[in-house]
Amino acid sequence: MFHGSIVAIVTPFNNHAVDEEKLRELVEFQIANGTDAIVPCGTTGESSTLSYEEHDRVIQIVVEQVNKRVPVIAGTGSNSTHEAIEITKHAKELGADGALLVTPYYNKPSQEGLYRHYKAVADAVALPQILYNVPGRTGVNLLPETVARLAEHSNIVAIKEATGSLQQASEVLALCGDKLDVLSGDDFITLPMMAAGAKGVISVTANIMPKEVSALVDAFNAGNMEEARRLHLYLLKISNAMFIESNPVPVKTAVSLMGKCSDEVRLPLAPLMEANKAKLISIMKEYKLI
């Protein structure tokens, strides 16, 4: 259902408030450069420091600006199941085409707890939902066997697999077959994951190089392995640079260096350290982004 190059879009701020004008411009930049779907309020969108009102407003702006040209997949995860249900309901009411739900963080639920959490949200909200497994941030790993149980639910349509493990992604693909689409959650392994059967990527790098990330996915789908491999290797250095510090600090700095929004982030995130900023500038100049 959701496939291709999907951007986890940054949330631009200006003087501590959401910069609505810049957000709309970023949406247009993505669509003009071939992005297949947009995820507002994900990790890269700093969802954890948005107020409930801001969260709803960011989704609303993206839905309005996209105007049904591509799917909008709203980040609606929480470490409270009740809260995740309410946020997902709001996203549906605002017109989102789907929801991306990160595993509950900090609580460290068991696999049974994870299953019941996702099933409760899927039972409560008739909206296509994407599981989001990123244990490096949440402290819990949604195991392939649990994913396979959840794949039986009609409202659970995909997983963003961001363990960085090709083995785990392959096990999910082997267990779930055509019941669940797998999306790469790590830019630097999009190609090998697609070679194993993934349908695309939810990308950080696409914030600054949407055309190239989209071209990689399109080349693979067209059977042009030589071009897909070239783009994979070409994008590797810039994709690694997006994680020189915690996401989304580097990518938001990069978007700012391109003149597309402020580099303002919210505490506890801090601006990119000067030494890392110098490295990022050097790499971006190599790619002729600035």
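A crossover is termed right-handed if, with the strands pointing away from the viewer, the path from the first strand over the helix to the second runs clockwise. Helices (H or I, at least four residues) and strands (E, at least two) are DSSP runs, numbered from the N terminus. The model is a predicted one, in which local features need pLDDT of at least 70 and side-chain atom pairs count only at pLDDT 80 or more, while totals for chains, interfaces and linings use all residues. Residues are numbered from 1 along each chain as its sequence is written, and side-chain values use heavy atoms, with hydrogens and water left out.

By the crossover criterion, a right-handed β-α-β unit is made by β8, helix α7 (residues 166-176) and β9. Strand β8 (residues 156-161) pairs with β9 in the parallel sense over four bridges, where pairing requires that DSSP find at least two bridges between the strands. Within this pair, D181 of β9 is the bridge partner of A158. Strand β9 (residues 181-184) is covered on both faces, as D181 and L183 on one side and V182 and S184 on the other are all buried; buried denotes under 20% relative accessible area, exposed over 50%, and partly exposed the range in between (1.4 Å probe, protein chains only).

Strand β6 (residues 98-102) is largely enclosed by the rest of the structure, because five of its five residues are buried. In a regular strand, side chains alternate between the two faces of the sheet. On one side of β6 lie G98, L100 and V102, and on the other A99 and L101. Strand β5 (residues 73-75) runs parallel to β6 and is joined to it by three bridges, with L100 in β6 as the bridge partner of G75. The chain passes from β5 to β6 through helix α3 (residues 81-93) in a right-handed β-α-β crossover. Strand β7 (residues 129-133) is likewise parallel to β6, through four bridges, and V102 stands opposite Y132 in β7. A right-handed β-α-β unit is also made by β6, helix α4 (residues 111-124) and β7.

The unreviewed UniProt entry carries the annotation "binding site" at T44 and I202; such positions are given in the numbering used here, feature names are shortened, and annotations may be inferred rather than shown by experiment. These positions span 159 residues in sequence, yet no two of their C-alpha atoms are more than 10.5 Å apart, so they gather at one spot. Both T44 and I202 belong to the lining of the second largest pocket. On a 1 Å grid over the protein atoms alone, a pocket is an open set of points with protein on both sides within 12 Å along at least five of seven lines, whereas a cavity is a set of points where a 1.4 Å probe fits but cannot get out; lining residues have an atom within 4 Å of a point.

T44 lies in the loop between β4 (37-39) and α2 (52-66) and is buried, with a relative accessible area of 3%. I202 is found in strand β10 (residues 200-203) and is buried at 2% relative accessibility. Beyond four places in sequence, the contacts of I202 (heavy atoms within 4.5 Å) include L100, L183 and S184.

The structure holds one cavity of 30 Å³ or more. The largest cavity contains about 80 Å³ of space, where a volume is the space filled by probe spheres set on grid points joined across faces, edges and corners. Helix α10 gives the most to its lining, with four residues.
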